[in-house]
Amino acid sequence: MPNACVIGLGKSGVAAARLLKREGWQVTINDRGTSEALKQQQQDLAAEGITVNLGTAFDPEVLQPDLVVVSPGVPWDIPGLVRSRELGIATIGEMELAWRYLQDVTWVGITGTNGKTTTTALTAAIFQAAGFRAPAFGNIGLAACEVVLAKEKPDWAIAELSSYQIEASPSIAPKIAIWTTFTPDHLNRHKTLERYYSIKAHLLHQAQYQIFNGDDPYLRKVGESMAVPVRSEACWTSVNGKAHLIGDPNQGFYIEDGWVRTANELILPANLLKMPGHHNQQNLLMAIAAARLAGIDKNAIAEAVATFPGVPHRLEHICNWHGIDFINDSKATNYDAAEVGLSAVNSPAILIAGGDAKIGDDTAWMSAIQRKAAAVLLIGDAAQPFAKRLQQIGYTQHEIVETMEQAVRRSAELSQQLDVKTVLLSPACASFDQYQNFEQRGDHFRQLCLEQLT
C-alpha cells in the first residue's frame with residue numbers, strides 16, 4: 001500500500017487525507033499544533049484509519065512517504081518540504097491532488113490579490129442559475145478535495161485560487177481564468193513582487209480563455225505592454241466604458257450608460273447587482289464575461305445577479321441599530337482591500353482596524369481614512385504601530401481598544417456621540433494574532449453585534 005503524508009490538519013488537509021484513504025493510500029497527517037481541538041480531530045480521524053501526528057515538524061526522511069500533499073496555509077519552503085523535493089518525493093498542493101481527479105471537468109479558475117472571493121461566488125451563482133452543478137471551492141467554500149469526494153461530479157468547477165494554491169499546483173489548466181487585481185501581498189511568503197506576479201501569471205498562462213480587470217493599474221500596464229501571460233485574444237473589462245478597454249474592443253465587457261454590455265449586445269443594467277462600490281461593478285463584469293464565454297444566456301445571468309446576496313465577511317451588512325449600520329469586512333486582510341471597503345460605505349464611518357499587519361503600501365488606505373473615517377478603533381498586534389502611523393499623517397481621532405468586544409462596545413457609543421451612521425470592521429490585517437482566520441474574526445464581530453446591539 002503506497003504511503004502518503006498530508007501537511008496541515010485544516011479543512012483542506014482532512015479532505016485530502018480522506019480522498020487518499022478512499023483511493024487506497026496509507027495516510028498520515030502531520031501538524032505542528034497541539035490544541036484540544038486538534039487532539040479531538042486526531043481521535044476522530046484515527047477511527048477512519050488515518051494517523052495524525054501532532055506537535056512535530058514534518059521530516060520526510062523519518063516518514064519516507066511516496067507522496068506529500070500540502071495544505072494551502074503551509075509555506076512551500078519549510079525545511080521538510082524543501083527536503084522532500086530534494087529527495088525526489090512527489091510533493092503537491094491539495095488543489096493539485098483534486099485536479100488529478102477532476103481533469104475531465106471544465107474549470108473556471110479565479111485569482112487576484114483582491115476581489116476573487118466575490119467574483120468566484122457570483123460566477124458560481126450564475127452557472128448554478130443556468131442549471132449547472134457548479135460548486136465554488138478552493139479559497140472559498142468547500143476544499144477542493146471535498147468536491148472530489150462528493151457523490152455527484154460537477155459540470156463546472158468554479159475555483160478560487162490563492163497564490164499559495166497555485167504555487168503548489170502547477171498542472172491546473174482551467175478553460176477560463178480570471179485575474180481580478182494585483183497589488184503587493186503575501187511578500188512575507190513569496191519574498192518579491194516578481195515572484196508573486198509569476199505565480200498568478202502561471203494560472204492565466206495555462207488557461208484557454210483569459211479575462212483581465214482592465215481597471216487595475218498594474219494589470220493595465222501589463223496588458224498595454226502585452227507582457228506574459230497576456231495573449232492577443234484576451235478579454236478585458238472596464239467600468240469606464242468601451243473607450244477604456246485594452247485590446248480588441250469586440251472581445252471586451254464594459255459598463256456604459258448604466259448597462260453591462262459588449263460591443264454587440266446589452267446584457268443587463270449594472271444596478272441589478274445590489275452590492276456597493278465600483279470594485280463590485282468590476283467583479284460583476286468579470287463574472288459575466290466568464291458566463292458568456294461558457295455560453296450561458298442573459299436570462300440566467302440576470303436572475304443570478306438580481307438575487308445575489310454577496311459573500312460573508314466582505315461588506316456584509318450585519319444589523320441596523322438605532323439607525324447605524326454595522327458592516328463586516330473582515331476579509332479585508334491588506335491595505336488595498338481595506339481602502340476599497342472604506343471607500344464603498346457611506347461616510348463618515350467608525351472604522352475598526354488592526355490585527356496581524358502585513359507588508360505593503362498603506363498610502364491610499366491612510367488617505368481614505370482621512371476622507372471617510374470619523375474615528376478609528378484599533379485592535380490586535382497592529383494597534384500600536386497603526387496609532388503611530390495615524391499620528392504621522394496628523395489623524396488624531398483614533399483609540400486603541402485591543403479586543404473585538406471592546407471595539408463593538410466603543411463603536412456603538414462613539415457612533416451615537418458623533419452622529420455617525422456606519423460602523424465598519426475592515427481590518428487591513430491578517431487575523432492570526434487573535435483568530436484562526438478572517439472568517440472566525442468576522443463571525444465574532446457578527447456575534448457581538450447581534451448579541452449586544454439587537
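This is a predicted model: local features need pLDDT of at least 70, side-chain atom pairs count only at pLDDT 80 or more; totals for chains, interfaces and linings use all residues.
## A buried arginine

Arginine 220 is buried, with a relative accessible area of 16%. Here buried means under 20% relative accessible area, exposed means over 50%, and partly exposed lies in between, using a 1.4 Å probe and protein chains only.

Residues are numbered from 1 along each chain as its sequence is written, and side-chain values use heavy atoms, with hydrogens and water left out.

## Salt bridges along helices

What joins arginine 220 and glutamate 224? They form a salt bridge, with the closest N and O atoms 3.5 Å apart. A salt bridge is a side-chain nitrogen of Lys or Arg within 4 Å of a carboxyl oxygen of Asp or Glu. Both residues lie in helix α11 (residues 217–225), four residues apart, about one turn of the helix. Helices (H or I, at least four residues) and strands (E, at least two) are DSSP runs, numbered from the N terminus.

Let's look at two more pairs. In helix α17 (residues 404–418), arginine 410 and glutamate 413 are three residues apart, so about one helical turn separates them. Their side chains meet in a salt bridge of 3.1 Å, N to O, and glutamate 413 is partly exposed at 37% relative accessible area. In helix α18 (residues 438–453), aspartate 443 and arginine 446 are also three residues apart, about one helical turn. This salt bridge spans 2.7 Å, N to O, and aspartate 443 is partly exposed, with a relative accessible area of 35%.

## A linked group

How many salt bridges does the structure hold? There are 19. Glu61, Arg83 and Glu86 are linked in a network of them.

## A space inside

The structure holds one cavity of 30 Å³ or more, and the largest cavity has a volume of about 50 Å³. Of the 12 residues lining this largest cavity, the closest to its centre are Val70, Pro72, Gly93, Gln165 and Ala168. Helices α5 (94–102) and α8 (163–167) are the elements that give two or more residues to the lining.

A cavity is a set of points, on a 1 Å grid over the protein atoms alone, where a 1.4 Å probe fits but cannot get out; lining residues have an atom within 4 Å of a point. Grid points are joined across faces, edges and corners, and a volume is the space filled by probe spheres set on the points.

Key:
On a 1 Å grid over the protein atoms alone, a cavity is a set of points where a 1.4 Å probe fits but cannot get out, and a pocket is an open set with protein on both sides within 12 Å along at least five of seven lines; lining residues have an atom within 4 Å of a point.
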